[in-house]
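Me: I'd like to go through this one feature by feature. Could you give me the general idea each time, then the case here?

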Amino acid sequence: MTTESITAVEPTPDLSPGRALRARMLAHKGLCIGLAIIVAGILLALLAPLIAPHDPYAQDLARRLLPPVWDARGTWQNLLGTDHLGRDYLSRLLYGSRISIVIGVAAASIGCLIGVTLGMCAGYFGGRVDEAVSYLLTCQLALPSLLLAMSLVFLIGPSLFVVIGVIGVLHWTYFLVVTRAATMQIRQLDYISAARALGSSRWQVMTHEILPNVLSPIIVIFTLEVGIAILAEASLSFLGVGLQAPTPSWGLMIAEGKNSMFLRPWLVIAPGAALFLLVIATNLMGDGVRDVTAPENRN
Amino acid sequence: MATAHTPLFSVEHLRVDIPTAAGTLHAVRDVSFALDAGKILGIVGESGAGKSLTALALLGLLPQRARRSAAALRLRNRDLLSMPERDLAAQIRGQRIAMIFQDPMTSLNPVYTIGRQLTEAMTLHQPVGTAAATQRAVYLLERVGITAAASRLNQYPHQLSGGQRQRVMIAMALMNGPELIIADEPTTALDVTIQAQILRLLADLQREFGMAMILITHNLGIVARIADTVAIMYAGEIVERAPTAQLFADPQHPYTRRLLGCLPQAHGTVPGTRLTTIPGIVPSLIGDIAGCTYASRCQEAVAECAVAPAPSRQHGAQHDYRCIHPGGLRVPGRDLSARPVFLPPPVDAAPRAPLLAVRDVHCSFDVGRGMLRAKRRLHAVRGVSFDLRRGEILAVVGESGCGKSTLARILLGLQGADAGTVSLAGTPLSQIGTKVLARRVQPVFQDPYSSLNPRQTLVEIVRRPLDLHAVGDPAARAGQVHEIMALTGLAERLVHRYPNQISGGQRQRVAIARAIIMRPEIVICDEPTSALDVSVQAQILNLLLDLREQFGLTYLFITHDLSVVRHIADRVAVMYLGEIVEIGDARAIFEAPRHPYTRALLDSVMTVNPAAGVPDTRIGHSYPNPLEIPSGCAFHPRCPHAMPVCSNFAPAVSETPHALVRCHLYTDALAESA
C-alpha cells in the first residue's frame, strides 16, 4: 500500500493534440501578433468595398496630391490624402491589399509546390533524379530572376494571373534546397524503413512520413517567400511590367509616388509601411507556426 | 580518514546544478568519494544518473550554464576548487589528471596528425622539446599496441580504425604520466572483442604506471572485472559504494540488487526466465526530491521514504549505502513475478519446411561517389544460408560491419540481394508482394528514437499498419490499438503523446506494438535493446518473450550482446565479414564454441564476475573492414590458430554434431587436433 501512495502521483490525462496545439499557440506571442495583423489585413481586404471611403478609381483632378489628415493642409475627407490623379489614397491602399495578399500567398504556394515536390523527389530517390533536379536548380540560380520575370511578363502580357504565375514559377529554389537536404537526412532514419516494411508505397512514405517532418523549414521559407513575392510584384509594378494602372497595387502606388517622393513622402510611406507590416506579420506567423508544431517544443 | 594517510584524490558533497526554463536541474546531488593512488574506482549508473557530469565537474569542464559546488575537491593536498581556471588548465588537466572520452571518432582533431596531437599534449605542459615528446609518443603508441608506431605519427585520425583511435587517446592521456585517469565510457562505442582488448590494455597500463583511475560506465560487467571499488549512482547520488567483490556478493541497496537482477546471465538467471525489472523511470531531476531519490521505483519503499532523505548506513568498514532499511530489507516473493519461466512455443521438432529459408545470399554496395574518387565495393553479405524454423528464436551475432543489419533489410524486403534466394514458407520473397510480406514479417529497430515518426502521436503510429492495410472499420481499429497497447504495457493515457514525450523503453514498446499489431509470423529485431539501459532492456526482453508465448512468434534476433543471446536464443548464427562462420544450437555453441571467432566473442563477454578480471580474447586487433576483405578465410589475420592454408583458401562448411562451422580446423583430419 505504501508503494501505491508514492507512485500514485498519476499525471493528469494529456490534452488531446488539438487542444494542446491551441494552448501552445496562445502562449506564443509572436504567433499571436502576426496572426492578428494578418487576420486584420485579410478582413480589411475582404471588406474593402464596404469600408473604403471613396471609389479607388474615381479621379478628381481638382483635388490632386492632397496631404494626409495630420498635415496642416489635410482634410478629413481624404484621410491619407490623394494621389496625382486625385484618387483617395486610403481607398487605393485598402483595395491594393487585396492584390498584395493574393499575389503573396498564391505565388509562394506555386513556388512551394514546385520546390517541395522537386526537393522531395531529389532527396528521396537520389542518384539520377537528384542530379537532374540539381542541374535545374543550378540553371535557375544562374539566371537573374527579376530580369527573367520582367521579360516573361513582357512577352506574355501583364495581368494578375500572369504576374502570380511568373513570380511563383521563379521562386522555388529555397524550397528545393531546404526540402532536399531535409529529405536526404530523414530518408536514412529507421521510421522510413519501418514504414516501407509495413508495405507503404513510395508515395505514402513521401506524403505520410517525410512531408510532415520537413514541414518546419518549409513553413519558414513559405512565409519568407510570401514577403518576397509581394515585394517582387511591387518591383515588377514599379518597373512598369507588373500590374498596369489604374489597378490599385501597393507596388504600383510606390512606383507612381516615387516621382514626388521628396515633396510628398506619404505617397511612398503609406504603401511602404503597409507592405512592411504585412511582411513582418507573415514572418512572425511563420516562426510561430514552426515553433508550435515542432516536435521538440511540445512540452 | 582520520589517519595521516591522504588519498590521492577526494571530493566531498559535489553538486552540479543546471538552470533550465522549467527550474533548476540538480544533475548531481551529492557525490563524495576518495581514491588512493593506484586504485580504480568504477562509477556505474543508468542514463541520467549524472555520471558524465560528475566526471566533467571533477575537471572543471562543465558546460557554461552548469554550476558546480562542493565542500572539497583535492588532488593530494592541492585544492582544485579555488584554483583559477588558468592554473587548472596549465598544471592539472592533461598533466596530473587525464581524461579519456567515450567517442574516439570525435575526440581526436581530424585536421592534425596523430603525432602532432600526441606531442602537443606534452609540450604544452612540460618544458620538453619536440624530439623528446616524439620519442615518448612512439614509446606509448607501441605500448598501447599500435604497430609501426613511428610511421603512424604522420597519419590523420580518419586513417585509423575506432579501436586504434581509442588506443591513441589512451596514449595521449599517458603522455604526461598522469596520477589519475578519468575514463568516461571508454569502450562503449567499440565492438565487444575490441572492448575487451582496450579494457585489458587500460588495466595493464594502470597497474604498470601506478595510476589511479575513475572508470565511468553503464556496464556492470566491466566494473566488476576491473574496479577495486564500485560506486552505484542513481539520480545524481551515489546510493551504494563498496569494494567490488563485496558489492556484487552482498549488495545492500534495493536498487543495486534490482539492477543485478536485470542482467541476463548475471546472477544465475536461467535462459528463458523472466528477468527482474525496475518499474518506472528515473525521477525528474528538476527541483528537489523530498525523500529518497529511488523511492518512486522501490519495491521496498515505506511511507517515510517519500518524506525524508535516505540515511547513510555502514555495512562493514568500506561499504556504505543510502537506504532507510538496514540491509535494504528484502521482501520475499516480490522479486520475481508469478510465472518465472516462459513456455517456448512448440518448435518444429522434425524441421519440415523452414518458415524462412535463406540460400547463398550475396549483397554488396558501391561506396565512394564522385567523379575523381574511385568507387569501392563493399561486400556486406557474402553467401549466407540458414533456415529459420517456426517458433524459434535465432540470434544473429556479430560485430559492426559484419553484415547483420544488411541481412535484416534483405529479409524485410527493403534491400534486394545480388544473388541467392530467400523464401518464406516455400515462396521466394520476390514473388510475394510488399503488402503481403508486410503482414507476415515485421521489424523492430535498434534506435527507438529514430524508428518512430516524431510528427505522429502514439495512437497514429500504432494504428498506421491497420490504416495502410485497411483492416476493419475505424472502431475496430481503435479497439485493436487499445488491445495491443495494453499487451505491450503502454498506458492508455499516453495515446496522444508524441515520441519525444515518452521514455526510451516506452518508445521501444511502441515500436513493438506497431510490429505485432497485424500478427506477423516473423519479427526481425535489429539490436532492439542495445540503446536501452539494463533495467529497461530486461523489460523489453520480458515483453518480447511474453509476446512470443502469446502469439507463437518467430524471432530473428540481431545483436552483438551475447548475454542477451544466451538468455533468449534457441539457435545462434555468428557472422564475420558477411559470412556465417558458425551456426547451431545455442546451448551447444555457448558450451563448446568451435570457430575461433566464436570463442573470441564468448571470451569477450564481460559477465559480472569480480574474480575473473578482464578476459584475454587472444585474437588480433586489426579491425574487420568490409571494404578490404582478407583472402582465404576472412578471419585469418586475427585468428590465433591461423595456418598457411587459411590465407589462401576459404574454408568450406563442415558439420559438427550441434553446429555448422566454416573453419579449416574442422575440415578433414585437422578436426582432431583442435
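Me: Let's start with helix α3 (residues 114-123) of chain B: how many of its ten residues are buried?

Reply: Seven of the ten are buried, so helix α3 of chain B is largely enclosed by the rest of the structure. Helices here are DSSP runs of H or I with at least four residues, strands are E runs of at least two, and both are numbered from the N terminus. Buried means 20 or more other C-beta atoms within 10 Å of the residue's own, exposed means 12 or fewer, and partly exposed is in between, with C-beta atoms placed from the backbone. Keep in mind that this is a predicted model, where local features need pLDDT of at least 70, side-chain atom pairs count only at pLDDT 80 or more, and totals for chains, interfaces and linings use all residues. Residues are numbered from 1 along each chain as its sequence is written, while chains are lettered from A and ligands numbered from 1 in the order in which they are written.

Me: Which residues of α3(B) are buried, and what do they pack against?

Reply: They are B:I114, B:G115, B:Q117, B:L118, B:T119, B:A121 and B:M122. Their packing partners are α4 (130-143), α5 (149-152) and α6 (162-174) of chain B. A contact needs the C-beta atoms of two residues, placed from the backbone, to lie within 7 Å.

Me: And how do I read a phi value?

Reply: Most residues other than glycine have a negative phi. B:H13 has a positive phi of about 50 degrees, though it isn't a glycine. B:H13 sits in strand β1 (residues 9-20) of chain B. Another non-glycine with positive phi, near 50 degrees, is B:D360, which lies in strand β14 (residues 356-367) of chain B.

Me: Why does B:H13 count as partly exposed, and why does B:D360 count as exposed?

Reply: B:H13 counts as partly exposed because it has 13 C-beta neighbours inside 10 Å. B:D360 has 12 such neighbours, so it counts as exposed.

Me: How many residues does each chain bring to the contact between A and B?

Reply: Chain B brings 34 and chain A brings 26. On the chain B side, α12 (434-440), β19 (441-444) and α13 (458-468) each supply at least two residues.

Me: Last one: how many helices and strands are in chain A?

Reply: Chain A has 13 helices and zero strands. Its radius of gyration is 24 Å, well over the 19 Å that the globule rule gives for 299 residues, so chain A is more spread out than a compact globule. That radius is taken over C-alpha atoms, and the rule is 2.2 Å times the number of residues to the power 0.38.
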